[in-house]
Amino acid sequence: MTEAQIQLRNSKVKKSVKEILKYSIIILAAFMMLYPLLWIVGASFNEGAKASFFFWPEDFTLVGWMDAFSAPGWGSVEGYSLFRALWNTMQYVIPHVLFGTSSTLITAYVVTRMHFKGKKLIFALIIGTLLMPNTIFRIPMYAFWTSPLIAPLWEGSTAPFLPFLPIWAGSVFAVNSFSIFMFIQFFRTIPRDLDEAAYMDGANKMQVLFHVLMPILKPIIMTVALLLFIAEFNDYQGPLIYKGAVSTYPLSLVLPSLGLDSTNTYAHIYARSIVSVSVLIIVFFLAQRYFVGNDADSAIKG
Amino acid sequence: MVGEKKWVPYTLLIPWIIGFLLFKLYPFINSFFMSLYQTAGRRSTFVGLDNYKLLFDASGYIGEQFQNSLKVTFNYVFLTVPLILVVSLLIAYVLSLKIKGVGFFRTSFYMPTVLGANIAIVILWRHIFEYNGLVNQALGIFGIAPISFLGTAAGAMGTIVLLRVWQFGSTMLIFLNALKNVPESLYEAATIDGANKARQFFSITIPMITPIILFNAVMRLVETFQVFNGPALITNGGPANSTRVLNLLIYEIAFAGGDLNLGAAMSWILFLIIMLFTLLIFRSSKYWVHYQD
């Protein structure tokens with residue numbers, strides 16, 4: 001072999017070593033990231049004590065899954081089940097996502113596409129509140145919602161959605177500055193020619209938003225809705241502060257209360273945990289193809 | 001726009017305006033007023049800055065608790081934020097190289113972010129780091145004696161830090177997007193000049209994405225200062241208050257304990273701390289953030 005050939009071979013070897021290294025690192029990292037999530041599935045089929053490191057169950061059992069949907073250990077609360085807890089969760093997640101997405105979309109549209117006095121001020125306030133920690137609002141809002149005048153609106157209410165009003169009410173009024181910010185960023189990438197052409201045809205502002213821009217906005221709407229869904233579904237402090245009767249406990253209050261006892265084993269806890277996160281997984285995969293930052297998306301944008 | 005009615009934008013902004021006044025401005029101001037009062041039974045009396053004095057009087061029980069929580073929160077934030085930034089940037093960088101199945105890996109790395117904050121997974125995290133948990137079993141395979149993660153101050157802090165770092169997905173996606181926007185021509189020019197990959201990463205990639213590093217750092221800082229779920233459900237502030245972060249102490253004093261006034265004073269201090277650090281980062285940015293134009 002000539003020297004040039006040896007060099008070429010060496011550089012090829014070096015390159016494939018690099019490739020193997022790159023993939024080993026990323027596969028190992030992905031495996032470590034996902035391992036707890038895989039392990040819990042095996043553990044939900046394991047009888048008795050905690051499942052071992054290798055997630056294949058040692059003593060196979062279905063009892064955790066068969067009991068998963070019954071009353072989670074407190075049969076004294078009539079009609080209580082995991083489905084009930086899930087429905088309680090959805091009673092603040094659904095309004096939060098629907099109102100939160102639409103109100104912040106409209107706000108961002110007005111701020112980026114209309115001209116009016118005070119626009120700069122409103123824009124500054126949106127960006128300014130982006131960094132305001134929620135903690136500062138929480139105590140006065142609690143005092144507000146539990147005050148004698150306001151509390152009867154929601155406390156102990158039996159209507160759907162209403163017992164959870166303090167948790168989702170803000171979403172009606174576009175309080176999520178981050179969602180507005182995401183919409184603003186996206187509106188800025190859409191050329192104004194589209195709007196202008198529609199105005200020529202006699203469309204008004206709302207028609208432009210709903211008929212002309214809506215198809216383009218679909219990915220960002222799905223992304224904002226998905227992020228709101230994840231954040232609200234996982235919320236713990238809100239339901240904890242405004243918790244009512246046990247029958248209104250959402251998943252985030254039911255799950256921590258499940259301890260090991262004569263009726264609950266690890267298999268029970270993990271089966272119920274999987275049911276609770278499976279909602280997230282389903283919604284995530286349904287919305288994922290719209291998710292901004294997707295391959296297809298970046299391919300189109302070049 | 002010709003013929004646009006003046007009232008249209010204002011009408012459409014009514015929800016936001018109500019939201020700003022009722023859900024932001026009112027509670028912001030009111031929490032400060034609340035912090036100047038003390039409540040006994042149904043009577044509130046104006047006490048000036050007494051609540052704040054209580055918090056900074058290290059000889060009292062409340063002051064001791066509060067100052068411990070400040071220290072714990074700082075430890076948590078200054079461990080978590082740099083770790084999230086480094087891990088998410090590294091993974092984003094590897095994903096930005098030409099990788100087969102990038103969609104699969106991206107979803108894998110994002111999954112803990114979707115699920116990780118869920119209460120079910122927070123509880124799972126506790127089971128994983130318990131004395132007979134998954135991690136100690138894995139260490140046992142290599143003959144390493146079990147470690148009491150939740151029984152020691154450092155172990156408990158490490159456990160809740162790791163739970164948050166595990167959810168680096170959204171930071172990673174933002175970095176990934178930024179990496180894609182670094183012009184290819186810069187790398188080509190550097191390759192011709194003989195710069196290797198590592199050199200290119202530190203001399204081109206990092207400077208080009210400093211605005212995004214700034215954005216991520218600020219967002220994560222504001223968020224991690226308010227951590228609650230991990231310390232509340234995994235360690236319950238223990239052992240010996242070593243993970244009793246400020247937001248957990250505020251919850252215990254204001255909501256579980258019913259002292260809203262003292263809680264309001266504490267949340268105002270937390271607010272001022274967050275603002276101070278945000279300001280410091282922005283001030284420092286002129287020394288390390290490169291804007292293209």
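A: Start with a rule for naming: helices (H or I, at least four residues) and strands (E, at least two) are DSSP runs, numbered from the N terminus. The model is predicted, so local features are used only at pLDDT of at least 70 and side-chain atom pairs only at pLDDT 80 or more, while totals for chains, interfaces and linings use all residues. Residues count from 1 along each chain as its sequence is written, while chains are lettered from A and ligands numbered from 1 in the order in which they are written.

First, the two chains. Chain A has 13 helices and 0 strands. Read from its N terminus, chain A goes α-α-α-α-α-α-α-α-α-α-α-α-α. Chain B has 14 helices and 2 strands.

How much of each chain is buried (20 or more other C-beta atoms within 10 Å of a residue's own; 12 or fewer is exposed; in between is partly exposed; C-beta atoms are placed from the backbone)? In chain A, 36% of the 302 residues are buried. In chain B, 36% of the 293 residues are buried.

Contacts come next (two residues whose C-beta atoms, placed from the backbone, lie within 7 Å). Take the contacts in chain A with a separation of 6 or more: 69% of them join residues 24 or more positions apart. For chain B, with that separation of 6 or more, residues 24 or more positions apart account for 66%.

Now to the place where the chains meet. Chain A gives 59 residues to the contact, and chain B gives 70 residues. On the side of chain A that touches chain B, helix α1 (residues 3–43) brings the largest share, 11 residues. That side of chain A holds 40 nonpolar, 15 polar and 4 charged residues. Here Ala, Val, Leu, Ile, Met, Phe, Trp, Tyr, Cys and Pro count as nonpolar, Asp, Glu, Lys and Arg as charged, and the others, Gly among them, as polar.

The axes of α5(A) and α14(B) come within 8 Å and cross at roughly 160°. (Axes are lines fitted to C-alpha atoms, for helices over the stretch in contact; angles run from 0 to 180 degrees between N-to-C directions.) Which residues meet in α5(A) and α14(B)? From α5(A) come A:Thr135, A:Ile136, A:Ile139 and A:Ala143. From α14(B) come B:Leu260, B:Gly263, B:Ala264, B:Ser267, B:Trp268, B:Leu270 and B:Phe271. By class, the contact of α5(A) with α14(B) has 8 nonpolar, 3 polar and no charged residues. The buried residues of α14(B) include B:Leu260, B:Gly263, B:Ala264, B:Ser267, B:Trp268 and B:Leu270. B:Ile274 is also buried.

Helix α12 (residues 266–287) of chain A and helix α5 (residues 119–129) of chain B have axes that come within 8 Å and cross at roughly 140°. A:Ser273, A:Ser276 and A:Val277 of α12(A) make the contact with B:Ala120, B:Ile121, B:Ile123 and B:Leu124 of α5(B). The contact of α12(A) with α5(B) splits into 5 nonpolar, 2 polar and no charged residues.

Compare a pair inside chain A. Helix α4 (residues 119–130) and helix α7 (residues 177–189) of chain A pack at about 125°, with axes 8 Å apart. On α4(A), the contact uses A:Ile126, A:Thr129 and A:Leu130. On α7(A), A:Ser177, A:Phe178, A:Ile180 and A:Phe181 take part. Between α4(A) and α7(A), the classes are 5 nonpolar, 2 polar and no charged.

Last, the loops. A:Leu149 sits in the loop between α5 (135–145) and α6 (165–172) of chain A. Why is A:Leu149 called exposed? Because A:Leu149 has 7 C-beta neighbours inside 10 Å. A:Phe161 is also in the loop between α5 and α6 of chain A. Most residues other than glycine have a negative phi, and most peptide bonds are trans. A:Phe161 has a positive phi of about 70° and is not a glycine. With 15 C-beta neighbours inside 10 Å, A:Phe161 is partly exposed.

In chain B, look at the loop between α12 (229–235) and α13 (246–256), where B:Pro239 lies. The peptide bond from B:Gly238 to B:Pro239 is cis, with omega near -10°. B:Asn241 lies in the loop between α12 and α13 of chain B as well. Its phi is positive, near 65°, though B:Asn241 is not glycine. B:Asn241 has 17 C-beta neighbours inside 10 Å, so it counts as partly exposed.
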